[in-house]
Amino acid sequence: MRSVRAARGATTVDADTAADLSERVPELVMEVMRRNDIANPDIVSILFTATPDISSMHPATAARHGVDLAGVPMTGAQELDVDGSVPLCVRLMMHFETDLTRDQVSHVYLHGAQVLRPDLVVEDQAR
């Protein structure tokens, strides 16, 4: 029976530029989709957050430019500005319909965001 599940993910950019966001955000979205066998029609919505040091492009815009997300509702918010936070970081929470159980969902942490959840980093994500 299909259920709605959520996958988390995060990545970092080297600099606050539209070019960096246009590369890293679609990479994150596609990796979450690949690892969880998600097709566009399965996606319910995507919530993006970005640290306050990112202002050159909205992550949802970067995602739409790099991935076929036609019809997928997306929104964004600013991460809390907490001392010691990973800088230049974009996070997502993707809600999707699936047959996966909650413990089968793969969460994806790429680039400098791997430090957020080293317990979830797998060999093929060590980029």
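This is a predicted model: local features need pLDDT of at least 70, side-chain atom pairs count only at pLDDT 80 or more; totals for chains, interfaces and linings use all residues.
**Entry 1: Thr 11**

I then asked which residues Thr 11 is in contact with, leaving aside its neighbours within four places in sequence. My list holds Arg 24, Leu 28, Leu 88, Cys 89, Val 90, Leu 110, His 111 and Ala 113.

**Entry 2: the sheet**

Next I followed the strands, and I found an open sheet of five of them, in the order E3-E2-E4-E1-E5 and with mixed pairing. E3 and E5 stand at the edges with a single partner strand each, so one side of each has no neighbour in the sheet. H1 packs on this sheet, where I saw that it touches E1, E2, E4 and E5, and its direction makes about 30° with that of E4.

I went through the pairs of strands one by one. E1, which covers residues 3-12, pairs with E5 in the parallel sense over two bridges, and there Gly 9 has Val 108 in E5 as its bridge partner. E1 and E4 run antiparallel and are joined by ten bridges; in this pair I noted Ala 6 opposite His 95 in E4, and Val 4 with Glu 97 in E4 as its bridge partner. E2 and E4 also run antiparallel, joined by seven bridges, and the bridge partner of Thr 49 is Arg 91 in E4.

**Entry 3: helix H2**

I turned to helix H2, residues 59-66, and asked which of its residues are buried. They are Pro 59, Ala 60, Ala 62 and Ala 63. These four cover an arc of only 160° around the axis, which means that they are on the same side of H2. I then looked at what the buried residues of H2 pack against, and I wrote down helix H1 (18-35) together with the strands E2 (43-50), E3 (74-78) and E4 (89-98). As for its placement on the sheet, H2 lies across E2, E3 and E4, and it runs at about 130° to E2.

**Entry 4: H1 against H2**

I reminded myself that two packed helices are described by the angle between their axes and by the distance between the axes. For H1 and H2 the angle is about 75° and the axes are 8 Å apart. I took 65 to 115 degrees as the range for roughly perpendicular, and H1 and H2 are therefore roughly perpendicular to each other. On the H1 side the contact is made by Leu 21, Ser 22, Val 25, Pro 26, Val 29 and Met 30, and these meet Pro 59, Ala 62, Ala 63 and Gly 66 in H2. When I sorted the residues of this contact by kind, I got eight nonpolar, two polar and no charged.

**Entry 5: Val 105**

Setting aside its neighbours within four places in sequence, I listed its contacts as Arg 5, Ala 6, Ala 7, Asn 36, Phe 96 and Leu 100. For Ala 6 I also looked up the separation: its C-alpha atom and that of Val 105 are 7.7 Å from each other, although the two residues are 99 residues apart along the chain.

**Entry 6: two positive phi values**

Asp 37, in the loop between H1 and E2, has a positive phi of about 55° although it is not a glycine. Leu 88, in the loop between E3 and E4, has a positive phi of about 50° and is not a glycine either. I then checked their accessibility: Asp 37 counts as exposed at 70%, whereas Leu 88 counts as buried at 17%.

Definitions and conventions
Residues are numbered from 1 along each chain as its sequence is written. Side-chain values use heavy atoms; hydrogens and water are left out. Buried means under 20% relative accessible area, exposed over 50%, partly exposed in between (1.4 Å probe, protein chains only). The arc is that of the directions from the helix axis to the C-beta atoms. Contact means heavy atoms within 4.5 Å. Axes are lines fitted to C-alpha atoms, for helices over the stretch in contact, and angles run from 0 to 180 degrees between N-to-C directions. Angles under 35 degrees count as roughly parallel, over 145 as roughly antiparallel, 65 to 115 as roughly perpendicular and the rest as oblique. Ala, Val, Leu, Ile, Met, Phe, Trp, Tyr, Cys and Pro count as nonpolar, Asp, Glu, Lys and Arg as charged, and the others, Gly among them, as polar. Two strands pair if DSSP finds at least two bridges between them.
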